[in-house]
Amino acid sequence: MKRKLSTAAISVVVAFSLLFTACGDPGREFVKDTDRVAGYVGTGLTMINRLEGDGSISTAAALKATQALNQVNIANRELIQVAKSYKVTDASGNTTIVLPEEGSARMLAILDTSTATINTLISNPDFLSINPNTRKQIVDLLNSLNATLKSLIDLVAAAKKK
Amino acid sequence: MDNILTWINSLGVFFLQLYIEILKEAKRSGMSIDELIDSAEKQSAQNEATASEMINRFKAKLDANNTVG
């Protein structure tokens, strides 16, 4: 019950914070979203470790979930490196990230891979064998992760259109 | 009575988690781009180390179970 409400709290904040993403500076929001993704992956790993430790999920399911979160983390690190390469500092010393059209295809490919990794995990037999209540807690967190990845996709797609 | 206490406890956890998440968002809002990149990089590096340790531990556990079986 406690874990269920903890993931619900994360979902509430994700929903509100992503509402404001469209209003901010796209480059800054992009970096904020990569920081959010890193945070959710960290929370997800802690949750999987605890659930496996208390026997709520099988080791096989925990391994699949950890491998998927690791893949998302690797992709997110790549996005951070790409964002760093588009960092621009103006004459007054203000730093911004300018997302150019070139490179956006690569970013979208990285983001699509992350989304596919999460969706593959959700339909994996080991993952589906987790009892529904426990699985829902993990799926709630994965949905928050997916919502943030969708926000990143929207930011890159908007930069591509400009 | 136990059920009521469990509910109060769970709601307490919900609001504590909500408060933590709001604090994290507020912290992000006050950070510069360089600080945000630094924060994301540090958390990602920590995630990578944690995931690597967990993957190795789970694989070893599965291998041990298979050997016993």
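**Close-up views of the predicted two-chain model**

**Figure 1. A:Ile130 is a buried residue of chain A.** A:Ile130 has 20 other C-beta atoms within 10 Å, and it is therefore counted as buried. In this predicted model, A:Ile130 sits in the loop that links helix H5 (125-128) to helix H6 (132-161) of chain A. Leaving aside residues up to four places away in sequence, A:Ile130 touches A:Ile57, A:Ala61 and A:Arg135. A:Asp33 is 97 residues from A:Ile130 in sequence, and their C-alpha atoms are 29 Å apart in space.

**Figure 2. Helix H2 of chain A is mostly covered.** H2(A) covers residues 26-53, 28 residues in total. From its first C-alpha to its last, the helix reaches 40 Å, close to the 40 Å expected at 1.5 Å a residue. Of these 28 residues, 21 are buried. Just after H2(A), A:Gly55 has a positive phi of about 80°.

**Figure 3. A:Thr46 and A:Asn49 are two residues of helix H2 of chain A.** A:Thr46 has 11 C-beta neighbours inside 10 Å and so counts as exposed, the cut-off being 12 or fewer. A:Asn49 has 18 such neighbours inside 10 Å, which puts it in the partly exposed class. An α-helix has 3.6 residues a turn, so residues three or four places apart point the same way. A:Thr46 lies 20 residues from A:Thr66 in sequence and 9.9 Å from it in space, C-alpha to C-alpha. For A:Asn49 and A:Asn124, the separation is 75 residues in sequence and 18 Å in space, again C-alpha to C-alpha.

**Figure 4. A:Lys84 lies in helix H3 of chain A.** Helix H3 (residues 59-85) has the highest mean pLDDT among the elements of chain A, at 95. A:Lys84 has 15 other C-beta atoms within 10 Å and is therefore partly exposed. A:Thr96 is 12 residues away from A:Lys84 in sequence, with 9.9 Å between their C-alpha atoms.

**Figure 5. Chain A contains helices and strands.** There are 6 helices and 2 strands in this chain. Read from the N terminus on, the order of the elements is α-α-α-β-β-α-α-α. Buried residues account for 41% of the 162 residues in chain A. Counting contacts in chain A between residues at least 6 apart in sequence, 84% join residues at least 24 apart. The mean pLDDT of chain A is 87, and 84% of its residues reach 70 or more. Among the elements of chain A, helix H1 (residues 2-21) has the lowest mean pLDDT, 62.

**Figure 6. Chain B has 2 helices and 0 strands.** The radius of gyration of chain B is 20 Å, well over the 11 Å that the globule rule gives for 69 residues, so the chain is more spread out than a compact globule. Along the principal axes, the C-alpha atoms of chain B fill a box of roughly 50 × 50 × 5 Å. Of the 69 residues in chain B, 20% are buried. The chain is divided into domain 1 (1-30) and domain 2 (31-69). The centres of these two domains of chain B, taken over C-alpha atoms, are 26 Å apart. Chain B has a mean pLDDT of 86, with 96% of its residues at 70 or more.

**Figure 7. Chain B and chain A meet in a contact that involves 32 residues from chain B and 38 residues from chain A.** On the side of chain B that touches chain A, helix H1 (2-29) and helix H2 (33-68) of chain B each supply at least two residues. H2(B) gives the largest share of that side, 20 residues. By class, the side of chain B that touches chain A has 13 nonpolar, 10 polar and 9 charged residues. For the complex, the predictor gives an ipTM of 0.84 and a pTM of 0.85.

Notes: Residues numbered from 1 in each chain as written. Chains lettered and ligands numbered in written order. Predicted model: local features only at pLDDT ≥ 70, side-chain atom pairs only at ≥ 80, totals over all residues. Contact = placed C-beta atoms within 7 Å. Helix = DSSP H or I, 4+ residues; strand = E, 2+ residues; numbered from the N terminus. Nonpolar A, V, L, I, M, F, W, Y, C, P; charged D, E, K, R; others polar. Rg over C-alpha atoms; globule rule 2.2 N^0.38 Å. pLDDT = per-residue confidence, 0-100. Expected span 1.5 Å × (residues − 1). Domains from an automatic or database assignment.
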